Amino acid sequence: MSSPTGPESGLPVRMPRPRQPGRHRRPEPLVAPEGAPALVLAVPGTPSSATRSLAEEVVSIARSELPGLDARIGYLDGDNAEFPTLQAVLTYAAEERTARFEQARAAGMDVREPDGPVAVVVPLLAGPDSALLRRVRQAVMESRIAAELTDVLGPHPLLAEALHVRLSEAGLARADRARLFTVATAADGIILASVGGDEAVQAAGITGMLLAARLAVPVMAAALDQEGSIASVAEQLRSSGSQQLALAPYLIGPEIEPGLVEEAAKEAECSAAESLGPYPAIGKLALAKYTTALGIAPPQQAQGTPVR
């Protein structure tokens, strides 16, 4: 027999921890719903070991934010051997879902036939690129799998934070404007380099305004894939009084050819920061696109935080 305080034998009993009362109680941790669609990260560019490492880190961040998440990677230019194509990943996800349903039925379980999207496809792009998005959309259509395609990751305050961090890592910006120290190489004008034409430049400009507010220096967006755009913006910044420029790639990384950022920096006669890469905000934003598409609450508010 046992009492309300535990067994009479004196053995310890694990009691559920009471929830903290009041408005400041911790929220219950969110987990992926049972049978939720897969998050499929659509990775552009030529596949490589570096690209795979970046994509795997992004989905790892997303999984850590939402336990139980089924996250996969599909490559636009994959070979279905080392780098599975987006179509192949979607097809396999659909086959797995059907197999799980049939196994459950065979085991006598009372389960409903799965419906709704098999996957939510999230393009690994910071800004809009109509050519790449057209290819992602075409791959989804050709797979003939019920999948929902989300928008790109930006613009967003978290991307402004990521750009700030990359600039500070390169010694081109103060890590924290509130601290009273200087960076000798800190830029007084930023070229925000995007790909995707005019639409991408406009979208990058929104994040650029957030970055300008963080750094208290002018930021102007330019297109890496438009001849003369980088040089033109560099001239505008210098004409307005900026003397020490820096180029900040508004890019994840795989969507451009290697060396393109370095060539642009030479054209602008300035130093360049690294691409955004697998910065934690990228995984969080990919997850936010997924949860928004499914109409479930995100694990946390995706808001920018000061760089320390």
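**View 1. Overview of the predicted protein.** Buried residues account for 45% of the 308 residues in the protein, where buried means under 20% relative accessible area, exposed over 50% and partly exposed in between, with a 1.4 Å probe and protein chains only. This is a predicted model, in which local features need pLDDT of at least 70 and side-chain atom pairs count only at pLDDT 80 or more, while totals for chains, interfaces and linings use all residues. Residues are numbered from 1 along each chain as its sequence is written, and side-chain values use heavy atoms, leaving out hydrogens and water. The secondary structure comes to 8 helices and 10 strands; helices (H or I, at least four residues) and strands (E, at least two) are DSSP runs, numbered from the N terminus. Of the contacts (heavy atoms within 4.5 Å) between residues at least 6 apart in sequence, 75% join residues at least 24 apart.

**View 2. An open sheet of 4 strands, in the order β4-β3-β5-β6.** The pairing here is parallel; two strands pair if DSSP finds at least two bridges between them. β4 (71-75) and β6 (147-149) stand at the edges with a single partner strand each, so one side of each has no neighbour in the sheet. From one strand to the next, the twist averages 30°. Helix α2 (residues 86-106) lies across β3, β4, β5 and β6 and runs at about 145° to β4. Axes are lines fitted to C-alpha atoms, for helices over the stretch in contact, and angles run from 0 to 180 degrees between N-to-C directions.

**View 3. Strand β5 and its partners.** Let's zoom in on β5. Its 5 residues are buried, 5 of 5: A119, V121 and P123 cover one side, and V120 and V122 the other. Strand β3 (residues 38-43) is joined to β5 (residues 119-123) by 5 bridges. Here A38 stands opposite A119, and V40 opposite V121. Towards β6 there are 3 bridges, and A119 stands opposite A147.

**View 4. Helix α1 meets helix α8.** The axes of α1 (residues 49-65) and α8 (residues 280-294) come within 8 Å and cross at roughly 60°. That makes α1 oblique to α8; angles under 35 degrees count as roughly parallel, over 145 as roughly antiparallel, 65 to 115 as roughly perpendicular and the rest as oblique. V58, I61, A62 and E65 in α1 meet P280, I282, G283, K284 and L287 in α8. These contact residues divide into 6 nonpolar, 1 polar and 2 charged, with Ala, Val, Leu, Ile, Met, Phe, Trp, Tyr, Cys and Pro counted as nonpolar, Asp, Glu, Lys and Arg as charged, and the others, Gly among them, as polar.
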